[in-house]
Amino acid sequence: MIEILNLTKKFGQIKAVDNISFTVNKGEVLGFLGPNGAGKTTTMNILTGFISSTEGTVKIDGFDIMDNPKEVKKRIGYMPEQPPLYMDMTVIEYLTFISELKLVDKKSRKKQIDDILKLVRISDIKKRLIKNLSKGYKQRVGFAQTLIGNPEVLILDEPTVGLDPKQIIEIRKLIKLLGQDHTIILSSHILPEVSAICDRVVIIDKGRIVAIDTPENLARGIGPSTSISMKIEGPRMDIEKIIKGIYGVKSIKVKSTGSKEINEFIAETIKDTDIRKPLFFELAKHNFPLLESSTLDASLEDVFLQLTTQEKGVK
Amino acid sequence: MFSIYKKEVKSYFYSPIAYIMIGLFVLIVAIFYFSSNIIGLSSNFSDTIAATSFLLIIIIPILTMRLIAEDRKSGVEVVLLTSPTSIGKIIIGKYLATLTVFLMMTIITIIFPVIMSFFGTVSLAQIISTYLGFVLLGVAFIAIGIFASSLTENQIVAVVISFVILLVMWMVGPIGTYAGGILATVLTWVSLPVKFSNFTSGILDLSDIIYFLSFAGLFIFLTIRMIERRRWSQG
């Protein structure tokens with residue numbers, strides 16, 4: 001659906017976007033993650049044809065943004081970070097204006113606007129002036145605007161920024177709902193949001209892509225080791241010795257749990273070795289009951305920090 | 001294009017700006033009309049229009065200042081430029097909206113020569129020629145105003161830029177006539193008011209009409225180029 005090849009954008013000497021390439025499949029929700037100033041908005045502005053690239057190509061549904069901007073623009077709904085609203089229009093006037101601007105067929109215009117009003121749940125405020133709406137409602141009107149003309153691709157630049165927690169949850173629900181029949185690229189620096197909504201994540205830093213994968217794979221694939229946390233009943237020294245004896249264990253940390261008999265052991269192991277089975281049998285042999293066990297995955301947060309603070313990228 | 005046009009005309013009348021500008025212009029024309037035509041017992045309304053035409057260097061910048069600058073500031077520009085409607089159509093839609101307000105303003109003043117025609121003889125041909133010239137002057141000035149608005153996202157800056165351009169154009173004619181020689185030819189050639197004075201004295205010259213229209217065309221083209229250029233360079 002979206003193909004981006006060797007995209008570069010220079011502002012003077014500075015490369016805001018540096019040779020990035022990725023594709024987005026039809027129906028996919030792609031998260032675009034990066035610290036402030038990483039080039040997220042610039043990339044999105046290029047994808048939507050708002051600004052031009054210095055080098056590289058962008059194709060949407062097979063149409064090149066340079067050669068065929070009109071076809072591309074028909075297929076995209078763009079929500080910039082600041083919702084592009086006319087403050088002295090009412091919601092319905094604004095949406096009608098956008099509908100005309102996006103060359104929506106006159107007959108279907110009214111019905112389409114009504115459907116969108118219902119979908120983003122702003123039907124009851126449609127006659128109010130936009131400047132009098134709360135931030136959350138303004139954001140929704142911004143959303144409604146992207147949906148006009150029924151574009152297949154939605155590009156959302158930080159759609160939940162500045163909203164209260166309840167509104168954030170609602171907007172996320174809406175994005176998930178829209179994800180069922182749209183291809184969506186969504187930028188954010190809020191990590192749980194990305195892992196909650198997106199099928200795949202692109203992490204960019206200083207204009208370059210440092211990782212592309214599913215949120216789960218990113219969390220799993222990071223770092224040279226994985227950790228397991230266990231609660232085991234029995235004498236601490238003995239148990240420590242047993243765990244150390246198992247192949248793959250690199251180090252152990254012990255935390256007391258409040259009870260004298262029970263300790264929590266956090267074992268760091270070499271990546272891709274599963275110590276749970278041998279450990280279980282070994283403990284059973286010595287009659288030390290294993291009460292609790294869980295794998296500690298790196299959170300997307302860790303991945304993000306690691307990828308964007310290290311010099312080297314992890315592919 | 002029509003959607004932009006409709007929206008812009010509406011927003012002129014949502015804010016008091018169109019009313020104030022139209023009111024101001026009609027009021028001042030009325031004052032000139034009373035002093036020169038009624039008290040001064042002159043049937044030459046063309047001179048009245050010619051005398052009030054200087055108001056355009058203030059009115060037009062105020063009418064055009066927000067056309068592009070406001071959209072840039074509020075971020076609506078993004079929607080406009082990422083919609084399938086072309087930049088040219090957007091600019092022309094905006095241009096025509098201002099032109100409409102300007103025409104409304106102009107048409108109201110026709111009432112004065114009409115009143116006069118009941119009491120005396122008015123040279124119809126000269127009036128028509130004057131109004132044609134006045135409209136053409138507006139056509140060119142609005143194009144300059146919209147160009148100035150595309151240079152900045154600050155409306156005050158836009159107003160100042162177009163005011164200065166128009167003021168300079170107003171001044172170069174008289175300066176040119178004092179200077180003499182080649183300079184005079186050049187300066188009077190770029191001075192729109194000098195061309196306008198041909199119309200008020202009843203001289204209809206096709207080359208003058210083309211001159212005004214191409215002047216407007218040039219500045220609309222420059223406006224479109226300006227926006228395109230910004231997309232290519234910074235963002």
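1. A nonpolar core is taken here as a set of buried Ala, Val, Leu, Ile, Met, Phe, Trp, Tyr and Cys residues joined through side-chain atoms within 4.5 Å. The model is predicted. Its largest nonpolar core has 89 residues, and those with the most contacts inside it are A:Phe22, A:Ile185, B:Phe45, B:Tyr95 and B:Leu192. Helix 9 of chain B (residues 124-150) supplies the largest share of this core, 13 residues.

2. Neighbours within four places in sequence aside, B:Tyr95 is in contact with B:Val139, B:Ile142, B:Ala143, B:Ile146, B:Ala216 and B:Ile220.

3. B:Lys94 belongs to helix 7 of chain B (residues 87-109). With a relative accessible area of 2%, B:Lys94 is buried, because the cut-off for that term is under 20%. The side chain of B:Lys94 makes a polar contact of 2.8 Å with the side chain of B:Glu8. Beyond four places in sequence, the contacts of B:Lys94 also include B:Ile4, B:Leu67, B:Ile68, B:Asp71, B:Leu80 and B:Ile146.

4. Chain A contains an open sheet of 4 strands, ordered 2-1-4-5 and paired antiparallel. Strand 2 (14-24) and strand 5 (63-64) of chain A are at the edges with a single partner strand each, so one side of each has no neighbour in the sheet. Strand 5 of chain A pairs with strand 4 (residues 55-60) of chain A over 2 bridges, and A:Ile60 stands opposite A:Phe63.

5. Helix 1 of chain A (residues 40-47) lies across strands 1, 2 and 4 of chain A, at about 120° to strand 1 (2-11).

Methods
Residues are numbered from 1 along each chain as its sequence is written. Chains are lettered from A and ligands numbered from 1 in the order in which they are written. This is a predicted model: local features need pLDDT of at least 70, side-chain atom pairs count only at pLDDT 80 or more; totals for chains, interfaces and linings use all residues. Side-chain values use heavy atoms; hydrogens and water are left out. Two strands pair if DSSP finds at least two bridges between them. Contact means heavy atoms within 4.5 Å. Axes are lines fitted to C-alpha atoms, for helices over the stretch in contact, and angles run from 0 to 180 degrees between N-to-C directions. Buried means under 20% relative accessible area, exposed over 50%, partly exposed in between (1.4 Å probe, protein chains only). A polar contact is a pair of N or O atoms within 3.5 Å; within protein, one must be able to donate a hydrogen and the other to accept it, and residues adjacent in sequence count only if both atoms are side-chain atoms.
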